[in-house]
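Please look over the fold of this protein and write a short report on its sheet and helices.

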Amino acid sequence: MIAIAPEPRDVLVVEDDALIVAFIRTALTKAGHRVRSATTGTAALDRVRRKHVDVVLLDLSLPDIDGLEVLRTLRAERHDVPVVVLTARSDPADRAVAEALGVRDYLVKPVALADLCRVVVGSSSRTCGDALPRAGADNPSAPADGRGRSGGGDPRPGPDLLGRHR
């Protein structure tokens with residue numbers, strides 16, 4: 001099982017794909033977190049400048065500003081918010097730049113929802129198995145028991161960001 005933070009986190013999802021945002025929002029909201037989204041780098045920078053954010057989930061391929069430039073700007077402006085890169089870009093050069101700019105983690109899509117939950121919430125004593133989407137009319141591709149990949153006893157893979165099984 002994956003740990004949930006004892007206190008809700010304010011999560012900013014910077015992603016221009018509405019389906020991915022909706023899936024992340026559903027899972028993290030069910031896990032007790034407050035989720036906001038931005039579809040552009042400009043909107044993300046504005047949000048971080050105006051409001052408290054506990055963690056940023058940042059796609060690198062944005063329609064206006066490259067995600068690495070968003071990250072550079074955040075660091076240049078001395079925003080120390082933890083950033084988790086969530087991208088389809090697996091180029092080692094992108095990863096190296098992001099790591100040099102101090103990202104908390106670098107996840108390449110498709111990513112297991114349980115892995116995403118892990119990097120957002122960190123470690124704690126509660127689990128978030130119930131936070132994963134359940135199969136049903138609104139999400140027929142999620143596992144019927146609602147469980148995703150756990151670090152231990154359940155060998156069945158959980159859904160990725162689009163609800164597909166890996």
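## Sheet and helices

Helix 2 lies across strand 2, strand 3 and strand 4 (55-58). Its direction is at about 165 degrees to strand 2. Contact here means heavy atoms within 4.5 Å. Axes are lines fitted to C-alpha atoms, for helices over the stretch in contact, and angles run from 0 to 180 degrees between N-to-C directions. Helices (H or I, at least four residues) and strands (E, at least two) are DSSP runs, numbered from the N terminus.

This is a predicted model, in which local features need pLDDT of at least 70, side-chain atom pairs count only at pLDDT 80 or more, and totals for chains, interfaces and linings use all residues. Residues are numbered from 1 along each chain as its sequence is written, and side-chain values use heavy atoms, leaving out hydrogens and water.

An open sheet is built from 5 strands in the order 3-2-4-5-6, with parallel pairing. Two strands pair if DSSP finds at least two bridges between them. Strand 3 and strand 6 (105-108) are the edge strands, and each pairs on one side only. From one strand to the next, the twist averages 20 degrees.

Strand 2 (residues 10-14) pairs with strand 3 (residues 34-38) in the parallel sense, over 5 bridges. Asp-10 stands opposite Arg-34 in strand 3. Between these strands the chain passes through helix 1 (residues 18-30), and this β-α-β crossover is right-handed. That term means that, with the strands pointing away from the viewer, the path from the first strand over the helix to the second runs clockwise.

Strand 5 (residues 83-87) and strand 6 run parallel, joined by 4 bridges. Thr-87 stands opposite Val-108 in strand 6.

| Pair | Angle | Axis distance | Crossing |
|---|---|---|---|
| Helix 2 (residues 41-50) and helix 3 | about 25 degrees | 10 Å | right-handed |
| Helix 3 (residues 67-76) and helix 4 (residues 92-100) | about 15 degrees | 10 Å | left-handed |

A crossing is left-handed if the near helix is turned anticlockwise from the far one by less than a right angle, and right-handed if clockwise. Helix 2 and helix 3 are therefore roughly parallel to each other. Angles under 35 degrees count as roughly parallel, over 145 as roughly antiparallel, 65 to 115 as roughly perpendicular and the rest as oblique.

Which residues make the contact of helix 3 with helix 4? Leu-68, Leu-71 and Arg-72 in helix 3 meet Asp-94, Val-97 and Ala-98 in helix 4.
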